[in-house]
Amino acid sequence: MDSIYDLRKLLLKFGTIIYIGDRLADLELMEEEINELFQVKMITKEQFLQGKIIITKEKEKIK
């Protein structure tokens with residue numbers, strides 16, 4: 001996973017589509033979603049950590 005696009009594809013596998021129109025709100029919802037998926041062991045630790053890194057980098061671009 002290298003980009004937000006890849007993260008969106010991962011979430012789509014679980015039936016989750018996130019688009020509010022506010023980039024920061026989208027990122028926060030994605031973060032909540034991957035946290036939840038990791039807690040219920042639907043994604044690997046590697047996928048979780050990569051997702052967190054991608055979200056963090058994107059949030060830094062916005063700020």
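1. R23, L24, L27, E28, M30, E31, I34, N35 and F38 in helix α2 meet K45, F48, G51, K52, I55, E58, K59 and I62 in helix α3, where contact means heavy atoms within 4.5 Å. By class, this contact has eight nonpolar, two polar and seven charged residues (nonpolar: Ala, Val, Leu, Ile, Met, Phe, Trp, Tyr, Cys and Pro; charged: Asp, Glu, Lys and Arg; polar: the others, Gly among them).

2. The model is predicted: local features need pLDDT of at least 70, side-chain atom pairs count only at pLDDT 80 or more, and totals for chains, interfaces and linings use all residues. Residues are numbered from 1 along each chain as its sequence is written, and side-chain values use heavy atoms, with hydrogens and water left out.

3. Helix α2 covers residues 23–39 and helix α3 residues 45–62; they pack at about 165 degrees, with axes 10 Å apart. Helices here are DSSP runs (H or I, at least four residues), numbered from the N terminus. Axes are lines fitted to C-alpha atoms over the stretch in contact, and angles run from 0 to 180 degrees between N-to-C directions. The two helices are therefore roughly antiparallel (over 145 degrees).

4. The structure holds one aromatic pair, in which rings of Phe, Tyr or Trp (its six-membered ring) have centres within 6.5 Å. F38 and F48 form this pair, which is stacked (planes under 30 degrees apart): 4.4 Å centre to centre and 10 degrees between the planes. F38 lies in α2 and F48 in α3, 10 residues apart.

Note on methods: Parallel < 35°, antiparallel > 145°, perpendicular 65-115°, else oblique. Phe/Tyr/Trp six-rings, centres within 6.5 Å; stacked < 30°, edge-to-face > 60°.
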